[in-house]
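This report walks through selected local features of one protein model, with attention to helix geometry, aromatic contacts and strand pairing.

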Amino acid sequence: MRACQTIGEQSMRYSQFGLTTLKETPAEAEVVSHQLMLRAGMIRRLTSGIFTWMPLGLRVVRRVETIVREELDRAGALEVLMPAVQPAELWQESGRWDEYGGLLLRISDRHDRNFCFGPTHEEVITDIARRELKSYKQLPINWYQIQTKFRDEIRPRFGVMRAREFVMKDAYSFDLDADGLEAAYQRMHDAYTAIFERLGLSFRIVDADSGEIGGNRSQEFHVIADSGEDAIAYCDADGYASNVESAATLRPVGERPAATHDLEKVATPGVRTIEALCEHLGVSATQTLKTLIVEGVDRPVALVLRGDHDLNTVKAQKINGVASPLTMADGKTLEAAGTVAGFAGPIGFDIPVYFDHAVANMADFVVGANETDAHYTGANFGRDLGEPETVDLRNVVEGDPVPGGQGTLELARGIEVGHIFQLGTKYSEAMGARVLDQDGKERLLEMGCYGIGITRIVAAAIEQNHDENGIVWPDPLTPFDVVIVPINLHRSDAVREVAEDLYEQLATAGLAVLLDDRDARPGVKFADAELIGIPHRLVVSDRGLANGELEYRHRRDPESRNIKREEALNLLAR
């Protein structure tokens, strides 16, 4: 159990806690964590994507922060606190003032100087580094902070999971060379692993795309939950794990079957989707190609996938000639490319065409005929189309081979709660952060950055740990260790005396105790205790005291059991 510093600091009487729970699920709440956090009185909504953390919820946030701080300190990182409001000049130096887009909340002061409310702090910490670090003798160094961020999400949703304002731990390492960066990265990788193990969460570490942060290498830490926004591809036998956005697909092995059908144009009136096409022609989606026309740097580009596969936009926008961000072509562009919406196909195109790896061994397939209400059947490479130069365009699916390894992939849903990056010299070069090396020569600093979503962890823990009655906290995250529920507290001197004595005894022993001293029915108290998710419950009643017993139940146990009063401390202190 955790040690608490004083009785007043960690233990609490319900009547003094100001906690209001809700029986009904608020209509605004879409996912379980949002529903339960509102019902349990952990958070209250101020406006879209912005929440007040109430005392119960803040206790959990502080639990997370404590574990994060302990592991970051153990890894040798130094805590700082940087300004939330940042001058535009720094972001203009890095080139991200315009690149970051609408997520950046831009503000101005009374002198019309431009600022932003920081969504992240690469610019600020790089400015600190170029001012404070002059020599290789000051390296390596790693600064971290736990602070409020703001990202102006287009559609905030899922409560604190996708909020505009949130609390994040962000750390930044600076080293003299790539080997130093690799060592710093690995220390943070190990620290993150220890953090999530201590939090008691089931998680996976996956290879990921660096996104708008930039850099060479990155990995995400995902809490596994069915409600997760991100799809994860993994193979336990091979030890492989990756975000679906980054998981590579391979060109199929073996030879392509020989063509057995002639090319034929068939009428497909009103058939604009793969599902409708399969129903109309009586074919499987695996025998169809879908052709997506996207905006290119100079001219439109065609991306061709098997009908049952989904385009991976992260991969697609990295292809030479494809505009970034990826944008689907409008009607005018389609017309210029010689096709129409819903009936595009690669036959006869004079624009760049990229085929996904998975189509390489297809034969006798169905494609759009580039005219309204028409498709080709019996299409084949080498006869109707040239031999395809294939690229990786799609999301992986269950059963795909592990890239570069053995076995096949499985998919799971995950909630991203941590992300570590090797940034290299991306920011130090843009902002002139250099030190003198052993030979007195200037060297650009090698930089890493490492983020953990403190408030998102709270929601992710609930998504992974709940039942029909409420939250089921892992022990390290619980706002209280034990709840004492006296029955008829205000009518029984014996119950009141034992409950108060038990409260003092457990709190003095270092447990965070909630004494439910409300004048409320037992059923209400039990329901609130389960909703809040406190791991241990002790019920004090006249019937039990007559036998020298208390009723005990762990939040994860299906039934209660009786224990001797003197056993309570030993049981809870294990």
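This is a predicted model: local features need pLDDT of at least 70, side-chain atom pairs count only at pLDDT 80 or more; totals for chains, interfaces and linings use all residues.

## Helix α8

Helix α8 covers residues 178-198, which gives 21 residues, and the distance from its first C-alpha to its last is 30 Å, close to the 30 Å expected at 1.5 Å a residue. At the start of the helix, a side-chain oxygen of Asp-177 comes to within 3.3 Å of the backbone nitrogen of Asp-179. Just after α8, Gly-200 adopts a positive phi of about 75°.

Across the whole structure, a search finds 11 aromatic pairs. One of them joins Phe-203 and Phe-221, whose ring centres are 6.5 Å apart and whose planes meet at 25°, so the pair counts as stacked. Because Phe-203 belongs to strand β10 (residues 203-207) and Phe-221 to strand β11 (residues 217-224), this pair ties together parts that are 18 residues apart in sequence.

Phe-221 has a relative accessibility of 0% and therefore counts as buried, the cut-off being under 20%.

## Charges over rings

Two arginines are placed over aromatic rings, Arg-106 over the face of Trp-97 and Arg-204 over the ring of Tyr-234. For Arg-106 the distance from the ring centre of Trp-97 is 4.9 Å, while the charged end of Arg-204 is 4.0 Å from the centre of the Tyr-234 ring.

## An open antiparallel sheet

An open sheet is formed by 3 strands in the order β14-β19-β18, with antiparallel pairing. The edges are taken by β14 (264-267) and β18 (365-368), each of which has a single partner strand, so one side of each is left without a neighbour in the sheet. Neighbouring strands of this sheet are turned against each other by 35° on average, direction ignored.

Between β14 and strand β19 (residues 374-379), which run antiparallel, there are 4 bridges. Glu-264 has Thr-377 in β19 as its bridge partner.

Notes
Residues are numbered from 1 along each chain as its sequence is written. Side-chain values use heavy atoms; hydrogens and water are left out. Helices (H or I, at least four residues) and strands (E, at least two) are DSSP runs, numbered from the N terminus. The expected span of a helix is 1.5 Å times one less than its number of residues. A polar contact is a pair of N or O atoms within 3.5 Å; within protein, one must be able to donate a hydrogen and the other to accept it, and residues adjacent in sequence count only if both atoms are side-chain atoms. Rings of Phe, Tyr and Trp (its six-membered ring) pair if their centres lie within 6.5 Å; planes under 30 degrees apart count as stacked, over 60 as edge-to-face and the rest as tilted. Buried means under 20% relative accessible area, exposed over 50%, partly exposed in between (1.4 Å probe, protein chains only). A charge sits over a ring if NZ of Lys or CZ of Arg is within 6 Å of the ring centre and within 35 degrees of the ring normal. Two strands pair if DSSP finds at least two bridges between them. Axes are lines fitted to C-alpha atoms, for helices over the stretch in contact, and angles run from 0 to 180 degrees between N-to-C directions.
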